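Please open the structure in your viewer and keep the selection tool at hand. This tour goes from one stop to the next, saying what to select and what is there.

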Amino acid sequence: MENLRSAPPILTARDAGLIGCTHCGKVDRPGVARCARCGARLRARDVDGLQKVWAWLIAGIVIYIPANLYPMLSTASLGKTTENTILGGVIELMHHGSYGVAGIVFFASIVIPIAKFIAIIYLGLSVTRKVHMPMHRRHTLFEIVEFIGRWSMIDVFVVAILSSLVRLDFAATITPGIAAVSFALSVAFTMMAALSFDERLIWDARNEDVE
Amino acid sequence: MTALISPHLPDPDAMLACPACDALLVDRTVSVGDTASCPRCHTVIEAPRPLAMTRIIMLALAALILMIAAVFFPFLELGAAGMVRRSSLLDTVMAYATGLTAPLTLAMAALIVVLPVTRFLTLLYVLGPMAFGWHPARHAVHAFRVAEALRPWAMAEVFIVGVAVALVKVAGLAHVSLGPAFWAFVALVIVTVLKDNFMSRVTVWKTLEARRRS
């Protein structure tokens, strides 16, 4: 398409002294508080949003710690109760030989959250510091973080389904543990961090990289 | 979309700012079936599809009906040691209701049922009147803002993957069979994904503005 021809340096709405709406794309003159088309709050750049990003992110990281230390679910079977943390659940799945599912849970509950923490920290720092990753790459990274965040919720749902299903009183009973709450909060907080990030900041970074 | 380079800028109304990277672009009408993306960050800005409005409405209606089925029919059935336990979607939502995990019950209800339903309803409210060629309903702009804000929080498809994982975990322990509600929910996820693919956010905003009562 015509879109892809190599363009001369691009003028942004802010450079032109205007404000672009991040929701509907409408361009407004400065001084307008709310977008005339969609009613969203207008900001040339949401620089304060970066503080929100850090706040949500720190909250997410802090609450991710108890999510891993406390039991996610406890199984009572024939008078014996075993408690499983997130990692414990993964290991148990591997003992049963279901490597695929163990992989999904490990990925969704451990790899994705930690990778997300690192990615958001990196993107946040890249706004104020010089980094080596090209803008396009960082833009893709942000899109991945934004897309993948909700999928970490899988384990919380799994525990809910298991404990609603396995209630065979004397045979076996599964009850959810407190870690489910902190894990769900951690996922929600990191999603909030990603949502508060103004992705336009990626493209403003002072190091105009060569594409 | 074409980037603006000249310092002599036209009227703001003839321009569009890329929602992802703020590049100033000439706002042109994107024809149906075409895709307009930003020349700098390649984000798709508009992708109007034929009959998109009617299709989104139909799919949202279908999703609502499926959700009703999913909530009220048995979801999963577990049999072990001669006992059968049926579990509905409601039971799953209530799984956290006792003890310290109680606040999660609200979150579960919201993520699986309430927020998806709210999204379907707001989309019907926004697009319904316009599909008939009428003016948008009152507060349609607010309703569409709500629908867009809820998008990341409506987690029906994440839940379905969760069910799959749970099934494998229980499979060794007992015999599990899938109830009608499970299939309703699977259909719901497919319908939701189709619906979101037809949706072009910027196009809806422009249409809302163009058809607004003045």
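**Stop one: a covered helix**

Select helix 5 of chain A and you will find these buried residues in it: I154(A), D155(A), V156(A), F157(A), V158(A), V159(A), A160(A), I161(A), L162(A), S163(A), S164(A) and L165(A). Buried here means under 20% relative accessible area, while exposed means over 50% and partly exposed lies in between, with a 1.4 Å probe and protein chains only. Helices are DSSP runs of H or I with at least four residues, strands are runs of E with at least two, and both are numbered from the N terminus. From its first C-alpha to its last, helix 5 of chain A reaches 16 Å, close to the 16 Å expected at 1.5 Å a residue, the expected span being 1.5 Å times one less than the number of residues.

Before going on, note that this is a predicted model, in which local features need pLDDT of at least 70 and side-chain atom pairs count only at pLDDT 80 or more, whereas totals for chains, interfaces and linings use all residues. Residues are numbered from 1 along each chain as its sequence is written, chains are lettered from A and ligands numbered from 1 in the order in which they are written, and side-chain values use heavy atoms, with hydrogens and water left out.

**Stop two: where the chains meet**

Now show chains A and B together: 70 residues of chain A are in contact with 71 residues of chain B, contact meaning heavy atoms within 4.5 Å. Within this interface, select R37(A), F157(A) and L165(A), which supply 12% of the area that chain A buries against chain B, more than any other three residues; buried area is the accessible area (1.4 Å probe) that two parts lose on being put together, summed over both.

Next, select H139(A), which sits in helix 4 of chain A and counts as buried because its relative accessibility is 3%. Leaving out residues up to four places away in sequence, H139(A) touches E199(A), I202(A), W203(A), A20(B), C41(B) and T43(B).

**Stop three: charged pairs**

Select R150(A) and E157(B), which form a salt bridge with the closest N and O atoms 3.1 Å apart; the term means a side-chain nitrogen of Lys or Arg within 4 Å of a carboxyl oxygen of Asp or Glu. Between chain A and chain B the count is four salt bridges.

Finally, move to chain B and select K206(B) and E46(B), whose salt bridge has its closest N and O atoms 2.6 Å apart. This pair links distant parts of the chain, with K206(B) in helix 7 and E46(B) in strand 5 of chain B, 160 residues apart, and both K206(B) and E46(B) are buried.
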